[in-house]
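This briefing sets out the computed features of one protein chain for use in structure-based work.

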Amino acid sequence: MMKTKNIQRASKSSSNREKCSLSRIVFIILCVVVAIGAIFPLIWLMDFSLVKSNELFSGKLLVWPSQPEWNNYYLALTDGKVPPYLLNSILITTVCVGLIVVLSVMMSYAFIRMRWKMSKWVLNIVLLGIMVPIHATLLPNFLTFHSLGITDTPLALIIPYVAFGLPQATFLMTGFMASIPVEVEESALIDGCGIFRILFRIVFPLMRPAIVTVVVTSYISIWNEFIMAATYLSSDTFRTLPFSVYNFAGMYRSNYAAQFAVMVLAALPSLLVYLVLNKHITKGIVAGAVKG
């Protein structure tokens, strides 16, 4: 009897192992399929940016050029006005992301650490901004900025970008702020630190995972935004990188390969930032979700 029971247990354990291994194989296959589906459009875009325009209509899914057509990228850099638009995007995005990070950390510290009336109500009101689409305010913002005389200036983009980036950033920061032990700040107060020194010398380093998450998410949304920039900016002085794709599509309407080259240049900065900081994004979101 004992032998038969042991045999049955062994057979059950072996069957469970087979089921686990089979489910693991299916899961890996699904992940590979999803990864290919996500990566293939980028490969397709880069491949078609290096061919001649007449080779795009060959009917093949991918066209491997015998000689890469680097002239497409030259046209993109010169006629697409990529360098000045890129500098404008870097300037506006850096200012907006910096303001979002600093203001969201200060707001989360006020909501979580400081005791004052209506703090929860004010926090909920701030978080309601997540539900408001940024483009729903195009007309009232345009009328306001026009009356203030700041249309066609960087302020016309910085103000709404920061305003609509703060709710999500505050949501992430408050969840992570609650996970930081209060004793760290109390010991700093005993040592004579002021509120701003505690905030910038102690709280900021401890919230690095959440800050990196906010930086990357805010950067990607601001970098790729086009509708507000097209509404508020009327000259090339402060136009951002998405305008390269828009302008180039009109200039080279029949040269699709050159248009693909502009798209690659416009998407490359966001892709590089995401690849470099992807690990930190996951850490920040998981840490805030588990600890908060």
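**Structural briefing**

Asp152 is situated in the loop that links helix H5 (138–148) to H6. Its phi is near 60°, a positive value in a residue other than glycine. These values, like the others below, come from a predicted model.

**Confidence and overall fold**

- The mean pLDDT of the chain is 79, with 83% of its residues reaching 70 or more.
- The pLDDT falls below 50 over residues 288–292, a stretch that has six contacts in the model beyond near neighbours in sequence.
- The chain contains 12 helices and zero strands, and its order of elements from the N terminus is α-α-α-α-α-α-α-α-α-α-α-α.
- Of the chain's 292 residues, 36% count as buried.

**Nonpolar core**

- The largest nonpolar core has 59 residues, and the members that touch the most others are Val105, Leu157, Tyr161, Val203 and Met207.
- Helix H6 (residues 155–177) gives the most to this core, supplying 10 residues.
- Leaving aside residues up to four places away in sequence, Tyr161 touches Ile92, Cys96, Ile100, Ile134, Ile222, Glu225, Met228 and Ala229.
- Tyr161 also belongs to the lining of the largest cavity.

**Largest pocket**

- The largest pocket holds about 320 Å³ of space.
- Its lining is made up of 19 residues, of which Ile134, Phe164, Gly165, Gln168 and Ser221 are the closest to the pocket centre.
- By class, the lining of the largest pocket comprises 11 nonpolar, seven polar and one charged residues.
- Ile134, one of the residues closest to the pocket centre, is also touched by Tyr161.

**Largest cavity**

- The count of cavities of 30 Å³ or more comes to one.
- The space in the largest cavity is about 50 Å³.
- Ser89, Ile92, Thr93, Tyr161, Ile222, Trp223, Glu225 and Thr240 form the lining of the largest cavity.
- Helix H3 (82–112) and H9 each supply at least two residues of this lining, and the largest share, three residues, comes from H3.
- The lining of the largest cavity divides into four nonpolar, three polar and one charged residues.
- Ile92, Ile222 and Glu225, which are among the cavity-lining residues, are also among the residues that Tyr161 touches.

**Residues paired across the sequence**

- Ala257 is placed in helix H12 (residues 256–291), and it counts as buried because its relative accessibility is 0%, where the cut-off for buried is under 20%.
- Ala257 and Ser49 are 208 residues apart in sequence, yet their C-alpha atoms are 4.8 Å apart in space.
- Asp79 lies in the loop between helix H2 (71–78) and H3, and its relative accessibility of 28% is the reason it counts as partly exposed.
- The C-alpha atoms of Asp79 and Asn247 are 9.0 Å apart in space, although 168 residues separate the two in sequence.
- Pro84 belongs to helix H3 and counts as partly exposed because its relative accessibility is 41%.
- Pro84 and Arg239 are 155 residues apart in sequence, with a C-alpha to C-alpha distance of 8.4 Å.

- Met118 is found in the loop between H3 and helix H4 (119–127).
- The phi of Met118 is near 65°, which is a positive value in a residue other than glycine.
- Met118 is exposed because its relative accessible area is 53%, against a cut-off of over 50% for exposed residues.

Definitions and conventions. Residues are numbered from 1 along each chain as its sequence is written. This is a predicted model: local features need pLDDT of at least 70, side-chain atom pairs count only at pLDDT 80 or more; totals for chains, interfaces and linings use all residues. Side-chain values use heavy atoms; hydrogens and water are left out. A nonpolar core is a set of buried Ala, Val, Leu, Ile, Met, Phe, Trp, Tyr and Cys residues joined through side-chain atoms within 4.5 Å. Buried means under 20% relative accessible area, exposed over 50%, partly exposed in between (1.4 Å probe, protein chains only). Helices (H or I, at least four residues) and strands (E, at least two) are DSSP runs, numbered from the N terminus. Contact means heavy atoms within 4.5 Å. On a 1 Å grid over the protein atoms alone, a cavity is a set of points where a 1.4 Å probe fits but cannot get out, and a pocket is an open set with protein on both sides within 12 Å along at least five of seven lines; lining residues have an atom within 4 Å of a point. Grid points are joined across faces, edges and corners, and a volume is the space filled by probe spheres set on the points. Ala, Val, Leu, Ile, Met, Phe, Trp, Tyr, Cys and Pro count as nonpolar, Asp, Glu, Lys and Arg as charged, and the others, Gly among them, as polar. pLDDT is the predictor's confidence in each residue, from 0 to 100.
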